[in-house]
Amino acid sequence: FDCKADLPSQPHHLSRSCSGTTKGEKPPNIDNSDLIIRPGCPQLQSNLVENRDFILLNKEVWKLLYSWYPGGPILRRRVIGEGQNMRVELYPFCLTVYKVDDFGMPIIDSKLQSPFSRSDTLEEVRSHLRANL
């Protein structure tokens with residue numbers, strides 16, 4: 001198969017679609033695993049190129065394709081900026097946080113990795129962390 005990845009709208013999703021199927025043959029399910037650095041982490045490989053490694057899709061198109069060809073992982077991305085300076089944020093910040101014990105030592109099984117946009121406020125980051133820790 002000759003595969004390209006697909007990335008949707010605000011928030012954008014990253015996914016993989018494949019061309020090269022035989023007429024009448026159903027394409028395979030979405031597989032984005034080669035776009036990320038490791039399983040379970042939403043961080044993308046470095047040096048991905050739009051229209052070579054992936055394409056952008058809006059949220060509605062992504063939902064439709066995903067309903068037909070489930071799979072994943074689902075990789076959401078945000079549109080940031082203003083006016084004509086809008087762009088999809090492919091590489092958001094990834095923050096790793098641990099709860100700590102009474103001695104200030106990290107509790108290893110409390111690890112939380114969350115992507116945050118450059119456009120997120122400090123209050124949005126705090127709120128997310130409080131809700132998920």
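Pro73 sits in the loop that runs between helix H1 (59-68) and strand E4. Helices (H or I, at least four residues) and strands (E, at least two) are DSSP runs, numbered from the N terminus.

Before I go on, some ground rules. This is a predicted model, where local features need pLDDT of at least 70 and side-chain atom pairs count only at pLDDT 80 or more, while totals for chains, interfaces and linings use all residues. Residues are numbered from 1 along each chain as its sequence is written, and side-chain values use heavy atoms, with hydrogens and water left out.

Now the overall layout. The chain has 2 helices and 8 strands, and along the sequence they follow the pattern β-β-β-α-β-β-β-β-β-α. Of its 133 residues, 29% are buried. Buried means under 20% relative accessible area, exposed means over 50%, and partly exposed is in between (1.4 Å probe, protein chains only).

Next, two asparagines. Where are Asn47 and Asn51? Asn47 is in the loop between strand E2 (12-19) and strand E3 (54-56), and Asn51 is also in the loop between E2 and E3. Phi is near 65 degrees for Asn47 and near 70 degrees for Asn51, positive values in residues other than glycine. Asn47 counts as exposed because its relative accessibility is 65%. Asn51, at 48%, is partly exposed.

On to the interior. A nonpolar core is a set of buried Ala, Val, Leu, Ile, Met, Phe, Trp, Tyr and Cys residues joined through side-chain atoms within 4.5 Å. Which residues form the largest one? There are 9: Leu35, Ile36, Leu44, Leu48, Phe54, Leu75, Val79, Val88 and Leu90. Apart from that core lies another, of 5 residues, among them Val97, Phe116, Val125 and Leu129.

Last, the largest pocket, with a volume of about 200 Å³. Its lining has 14 residues, and the closest to the pocket centre are Arg78, Pro115, Phe116, Ser117 and Asp120. On a 1 Å grid over the protein atoms alone, a pocket is an open set of points where a 1.4 Å probe fits, with protein on both sides within 12 Å along at least five of seven lines; lining residues have an atom within 4 Å of a point. The volume is the space filled by probe spheres set on the points, which are joined across faces, edges and corners. Strand E4 (75-77), strand E8 (112-116) and helix H2 (122-132) each supply at least two lining residues.
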